[in-house]
Amino acid sequence: MEIFERIEDRGYPTDYLLSRVRSRRMLYRNFIAGESPVEIWRRLLKEYRWIYIQMNETLRNIFQRFFIYFELRTIFMCLRYKKGEYEKIEELLYFSLLSDDLKELLMGSDIMTAIGGVGDAFLSISDRFVGLKETFIKDGLRGLEQELTNVYLENTIDSKLHHTIKDFFRYIIDSRNIIAVYKHIRWQMHDYPSFVNGGSVREARLRRIFERRDISGITTLVQKLTGIMTDAGNIENSLLKRTTRFLRKAARDPLCIGVILDHLWKCYVETIEAEMIH
């Protein structure tokens, strides 16, 4: 089973997409008061689908790992809604890039069959994804989400990627690991966080911070990484800004990879901000 839908390459040159992206930068912001989380995420998927369709095969190959990463959340939302909110699943998947076979499983099957289908799809990337059903049985949906995301990030960072995309995923891994340590300390959890390999911050340093239950160590680390004065209340926001600043700089890339990635990321950040408001 494939993860993504097969969409014909329309052969648009890269310069064409670049000009369209620049013209769309101010078009994405118009969120409507009262929109549900499904409607907000669906809007992001619509924009991502539009960008993906305009890409030629070369660009799709460069960006595919990015798009799959954000479709993970679509999968997780669908699995949560399988408790009876099936109309929300159909809404979510309307603009999704997931393959028709995977969409059909997410819409029509019981949750175990759907998870098995997700596992089969990701096994097309790597055998690291074996055992997702067992993870769900043992740790529930939250454990499945963590396992699939962590394995995907580790597999991605080990893959052959454009250097800007690889740096982006390093930032994502750093953020995920740091936030995991912070939440484990804040919630007084005794088990070690599940760290993702491949970031720029060494796991040994994160483990020491956790063992000491050192919130100030977390804020100091974040301030060093971001250059932003940080307290426990704005760790996640500071890390988001770090990635935004990196991509703004990457947008100067003459091959336009950074310009496109910057636009995709800005759409995501605006989506997260809209979810927090709504």
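This is a predicted model: local features need pLDDT of at least 70, side-chain atom pairs count only at pLDDT 80 or more; totals for chains, interfaces and linings use all residues.
Local features are reported where pLDDT is at least 70, side-chain atom pairs count only at pLDDT 80 or more, and totals for chains, interfaces and linings use all residues. Residues are numbered from 1 along each chain as its sequence is written, and side-chain values use heavy atoms, with hydrogens and water left out.

A salt bridge is defined here as a side-chain nitrogen of Lys or Arg within 4 Å of a carboxyl oxygen of Asp or Glu. By this rule the model holds 13 salt bridges.

One of them joins the side chains of Arg24 and Glu47, with an N to O distance of 2.7 Å. This pair links distant parts of the chain, 23 residues apart: Arg24 belongs to helix H1 (residues 14-24) and Glu47 to helix H2 (residues 37-54). Helices are DSSP runs of H or I with at least four residues, numbered from the N terminus. Arg24 and Glu47 are both buried, a term that means under 20% relative accessible area, whereas exposed means over 50% and partly exposed lies in between (1.4 Å probe, protein chains only).

A salt bridge also connects Asp174 with Arg242, whose closest N and O atoms are 3.2 Å apart. Asp174 lies in helix H8 (residues 163-186) and Arg242 in helix H11 (residues 235-250), so the pair ties together parts that are 68 residues apart in sequence. Both of these residues, Asp174 and Arg242, are buried.

The salt bridge between Arg207 and Glu203 (2.8 Å, N to O) is set within helix H9 (residues 203-211), where the two residues are four residues apart, about one turn of the helix. Arg207 is partly exposed, with a relative accessible area of 29%, and Glu203 is partly exposed, with a relative accessible area of 29%.
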